[in-house]
Amino acid sequence: MKTRAALVGFGAMGKAVAELLKNHMDLCLCGIVDPMSPSCLPSLDALNEQPDVIIDFSHPDSLPMLAQYIRAHGTPAVLCTTGYSEQQEALVHELSQHAPILRSRNMSLGVCVMERVLRMITPVLNGYDVEIIERHHNKKIDAPSGTALALARAVESCGSFTEVHGRDGIVGARKKGEIGIHAVRGGTIVGEHEVLFAGEDEVLSIRHSAQSKRLFAAGAIRAALFAASAGRPGLYTMDDALFGGKEA
Ligand SMILES: NC(=O)c1ccc[n+]([C@@H]2O[C@H](COP(=O)([O-])OP(=O)(O)OC[C@H]3O[C@@H](n4cnc5c(N)ncnc54)[C@H](O)[C@@H]3O)[C@@H](O)[C@H]2O)c1
């Protein structure tokens, strides 16, 4: 029998998830909730059947509704919405005591693997200069991207580093232990992240390129199957879904 998912949010990402689930082998939709859309259910309480898992690609304002439902039913959830306040982040932590909650600001399988690779190679390439370059479309309002910061955190988890955001003017020679982070904006670039390890006479570059938003929907579906079968409450990440949380 297929795992039943309820979708919260029916914008660009919700529609991408629904499209991928039309022919999915293991996961099917049992309801779509979006209080802003007349074609969707107004709340999770209006579902005809209880879902095995909730996938949320909506808005931080939907968190109280999700919280109420998760507390009442212990339903596993994959929270993909970004922009939570500190208070809302604390609520997500509290919910993870009631149900398996998988939370990730980037549902891409490639970026998750990239973070793991960075944790593996940073200690080996000790002393190499690390620079992160991210490229996004000209409509993006924040910089650097949350993903660039997450990649920096992966490097920083391996030692002592100082982030330098862009360079301008007579900044002097590059200091050891810096991570340069640079944001490029232009056209319709969906999202590119590159991490450079520059050493004596060699440069290693690890690069991820997002070609459409569909990859985030595919990652959310993979995460939903993991959360539905996690079995015990807790706060999980994409790394748990892909690698079972075990370090290589
Ligand atoms: N984690 C990831 O990998 C990832 C990837 C892409 C997008 N996102 C995030 O997912 C969210 C949705 O992205 P999108 O591109 O579909 O945005 P969108 O603007 O196209 O859609 C947002 C949807 O949320 C709905 N909504 C608004 N308020 C709501 C509420 N109170 N309850 C339920 N639904 C509500 C809107 O009606 C709309 O359908 C954003 O926060 C975005 O940053 C995360």
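Six strands, in the order 2-1-3-4-5-11, form an open sheet whose pairing is parallel; here strands (E, at least two residues) and helices (H or I, at least four residues) are DSSP runs numbered from the N terminus, and two strands count as paired if DSSP finds at least two bridges between them. The edges of this sheet are strand 2 (27-33) and strand 11 (234-236), each of which pairs on one side only. From one strand to the next the twist averages 25°, where axes are lines fitted to C-alpha atoms, for helices over the stretch in contact, and angles run from 0 to 180 degrees between N-to-C directions.

The model described here is predicted, so that local features need pLDDT of at least 70 and side-chain atom pairs count only at pLDDT 80 or more, while totals for chains, interfaces and linings use all residues. Residues are numbered from 1 along each chain as its sequence is written.

Within the parallel sheet, strand 1 (residues 3-8) pairs with strand 2 in the parallel sense over 6 bridges, and Ala6 stands opposite Gly31 in strand 2. Helix 1 lies across strand 1, strand 2 and strand 3 (53-56), and runs at about 145° to strand 2; contact between two residues means that their C-beta atoms, placed from the backbone, lie within 7 Å.

In total 25 residues surround the ligand, and the closest are Gly11, Met13, Met36, His59 and Ser62; a residue is near a molecule or strand if its C-beta atom, placed from the backbone, lies within 6 Å of it. By class, the shell holds 10 nonpolar, 12 polar and 3 charged residues, with Ala, Val, Leu, Ile, Met, Phe, Trp, Tyr, Cys and Pro counted as nonpolar, Asp, Glu, Lys and Arg as charged, and the others, Gly among them, as polar.

A second open sheet is formed by 5 strands in the order 7-8-6-9-10, and its pairing is mixed. Its edge strands are strand 7 and strand 10 (202-210), each pairing on one side only, and the twist averages 20° from one strand to the next. Strands of a sheet pair through backbone hydrogen bonds, either parallel or antiparallel.

The antiparallel pairs follow. Strand 6 and strand 9 pair in the antiparallel sense over 7 bridges, with Glu192 in strand 9 as the bridge partner of Arg135. Strand 9 and strand 10 also run antiparallel and are joined by 9 bridges, and Ala198 has Val203 in strand 10 as its bridge partner.

Helix 5 (residues 146-156) has as its buried residues Thr147, Ala148, Leu151, Ala152 and Val155. Seen down the axis of helix 5, these buried residues fall within an arc of 145°, so they line one face of the helix; the arc is that of the directions from the helix axis to the C-beta atoms. What covers them includes helix 4 (109-121), strand 6 (129-136), strand 7 (162-165), strand 8 (178-185) and strand 9 (191-199). A residue is buried if 20 or more other C-beta atoms lie within 10 Å of its own, exposed if 12 or fewer, and partly exposed in between, with C-beta atoms placed from the backbone.

Two backbone sites remain to be described. Most residues other than glycine have a negative phi, and most peptide bonds are trans. A cis peptide bond, with omega of about -10°, joins Ala143 and Pro144, and Pro144 has its place in the loop between strand 6 and helix 5. Asp201 has a positive phi of about 65° although it is not a glycine; this residue lies in the turn of the hairpin that strand 9 and strand 10 form with 2 residues between them. Asp201 is exposed, with 5 other C-beta atoms within 10 Å.
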